[in-house]
Amino acid sequence: MTNVQIVKTEGDIQKCRRAIQALRPQLVDDLYLEAVKKTLADKRQIIFIEENDEAAAVAVFETGYNLFRGNYIYIDDLSTLPEQRGKGYAGILIDWILDFAEKENYAQVHLDSGVSEARTDAHRLYLNKRFQVTSLHFVTNI
C-alpha cells in the first residue's frame, strides 16, 4: 500500500517543492520555503506520497470552524507531478483526508477547482469521491 506522509520537517517541505510548484508555479524557488512555512503556520497541513526521494503528489489542507460549515476541512491544493499522473496518488490523498475527517469528527470536506478543459480529469476524480458541486465561487482583485 502507498504510504501517505505528513510534512513535519524542512526536509519534507523540500521534498514537496516540485509537486507544489507544478500547481503553483508562481512559488519560484526564492519564495517557496517562506510561503510554505506561512501556510503551515496558518492551521494547514501538507501530506504527500514519496517516490524516488521526492513527493510524487501532495495535498495541502486546513481545518477550521465557521458558522456556515461547522467543523470542516478545506483542501487548498492537490497536485501530482506530471510524470507521476495516472497512478492514483491524488485519489489516495483524498481518501486519507476523508478518513482523517471522519476520525476527527469534521462535518465536511470542501475544495474549489478551476473550470477549464484541463481540469476535466480532476473534476471526474472529485465527483467519483462523492464531492458535489454546491456553489459558485466569486472573487475580486484589489
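1. What is the strand order of the open sheet, and what sort of pairing does the sheet have? The order is β1-β2-β3-β4-β5, and the pairing is mixed. The sheet is open and holds 5 strands. At its edges stand β1 (4-6) and β5, each of which pairs on one side only. Direction ignored, neighbouring strands in this sheet are turned by 30° against each other on average. Bear in mind that this is a predicted model.

2. Next, β2 and β3. Strand β2 covers residues 44-51 and strand β3 covers residues 54-66. The two run antiparallel, joined by 8 bridges. Isoleucine 49 has alanine 57 in β3 as its bridge partner. Glutamate 51 stands opposite glutamate 54 in β3.

3. β2 and β3 make a hairpin, with 2 residues between the strands. Asparagine 52 sits in that turn, and its phi is positive, about 55°.

4. Now the helix on the sheet. α4 lies across β1, β2, β3, β4 and β5. Its direction is at about 30° to β3. Residues 89-103 make up this helix.

5. On to the largest pocket. Its volume is about 1100 Å³. The lining counts 30 residues. Nearest the pocket centre lie His110, Leu111, Phe131, Gln132 and Thr134. By type, the lining divides into 14 nonpolar, 9 polar and 7 charged residues.

6. Which elements supply at least two residues each to the lining of the largest pocket? They are α4, β5 (108-111) and α5 (120-128). The largest share is from α4, with 5 residues.

7. Which element gives the second largest pocket the largest share of its lining? That element is α5, with 6 residues. At least two lining residues come from each of α2 (17-23), β4 (70-80), α4 and α5. Both α4 and α5 supply at least two residues to the lining of the largest pocket as well.

8. Last, the annotation. In an unreviewed entry, UniProt places the feature "domain: N-acetyltransferase" at residues 2-142. Over that stretch the chain is 35% helix and 28% strand. The C-alpha atoms at the ends of residues 2-142 are 42 Å apart.

Terms used:
Residues numbered from 1 in each chain as written. Predicted model: local features only at pLDDT ≥ 70, side-chain atom pairs only at ≥ 80, totals over all residues. Heavy atoms only, no water. 1 Å grid on protein atoms, 1.4 Å probe; cavity = no way out; pocket = protein on both sides within 12 Å on 5 of 7 lines; lining within 4 Å. Points joined across faces, edges and corners; volume = space filled by probe spheres on them. Helix = DSSP H or I, 4+ residues; strand = E, 2+ residues; numbered from the N terminus. Nonpolar A, V, L, I, M, F, W, Y, C, P; charged D, E, K, R; others polar. Pairing = 2+ DSSP bridges. Axes fitted to C-alpha atoms, helices over the stretch in contact; angles between N-to-C directions. Contact = heavy atoms within 4.5 Å. UniProt positions renumbered as here; feature names shortened; annotations may be inferred.
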